[in-house]
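Work through the following exercises with the sequence and the 3D structure side by side, and try each task before reading its solution.

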Amino acid sequence: MTVDINDSRLTNSLAEGCGEILKGVRNGGLLRGLALGDAGDQAAQEWIARVLEQHRPDDGMLSEEASDDLSRLDKERVWIVDPLDGTKEFATGRQDWAVHIALVINGEPVQAAVGMPDMGVTFKSSDVRAVTGPLSRKLVVSRNRPPKAANYIGEKMDFEIQGIGSAGAKSMHVLLGDFDGYIHAGGQYEWDQAAPVGVAKAAGLHCSRLDGSPITFNQKDTFVPDLLICRPELADEILEHAAAYHDEHGSY
């Protein structure tokens, strides 16, 4: 008999369960490097797929770790997941990796959870607080691919630029107040952004493309060129500087 479980609880349970699975794979101590990352990805993806098949058999799914079933485009409800965001960080023992789970309805993430298992916390759109307090005067970017536009924006605003790991980790550190904004350019995919955007929006943060346009999920082309998540009071200024950089250089 299948237990009746609402969308919010299912979203949060998927994120927390994935975190436990991934820690178990890593803590076994028998795998290293790419083999460890691949094993974690596979184990978490298989578990998510089985849970959704049992509890939400009529919903669509888009995952980094599964082939894309385009029948999702005909569905109002689609789960967009990244079982392990930051595989390199996970496999090398860093803490800045995450689990992304989002339920997208008609293009919008209505339930979302970002798990950061090594921090022992899951950030949930169903239970998240608005960001308050003084500005940190810092912006976070990709540790491996920092966008040039972010350096330009940081200089204009006199903000420090710092790089850390996964997209989920960067976004949630904005939520925690460690950074005032997360700027990404150079491309990501919907599974990188759906859950962080869902949680960030629920907390009252600004979320958009770097040109200020909204992000709509469950598209045929899952590539998303850029992203801004930031304190709402900074959005206009950041977008203005981003536009100036784009006008001068033709890209971000």
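**Exercise 1.** How much space lies in the largest pocket?

*Solution.* The model is a predicted one, in which local features need pLDDT of at least 70 and side-chain atom pairs count only at pLDDT 80 or more, while totals for chains, interfaces and linings use all residues. Residues are numbered from 1 along each chain as its sequence is written, and side-chain values use heavy atoms, without hydrogens and water.

On a 1 Å grid over the protein atoms alone, a pocket is an open set of points where a 1.4 Å probe fits, with protein on both sides within 12 Å along at least five of seven lines, and its lining residues have an atom within 4 Å of a point. The largest pocket holds about 420 Å³ of space, a volume being the space filled by probe spheres set on the points, which are joined across faces, edges and corners. Among its 24 lining residues, Asp85, Gly86, Arg145, Ser166 and Asp192 are the closest to the centre.

**Exercise 2.** Find which element gives the largest share of this lining.

*Solution.* Strands (E, at least two residues) are DSSP runs numbered from the N terminus, and strand 8 supplies the largest share, 5 residues.

**Exercise 3.** Describe how strand 2 and strand 3 are joined.

*Solution.* Two strands pair if DSSP finds at least two bridges between them; here 7 bridges join strand 2 to strand 3 (residues 98-105), and the two run antiparallel. Within this pairing, Asp82 stands opposite His100 of strand 3.

**Exercise 4.** In what order do the 5 strands of the open sheet lie?

*Solution.* The order is 1-2-3-4-5, with mixed pairing, and the edge strands, each pairing on one side only, are strand 1 (60-63) and strand 5 (121-124).

Conventions. Helix = DSSP H or I, 4+ residues; strand = E, 2+ residues; numbered from the N terminus.
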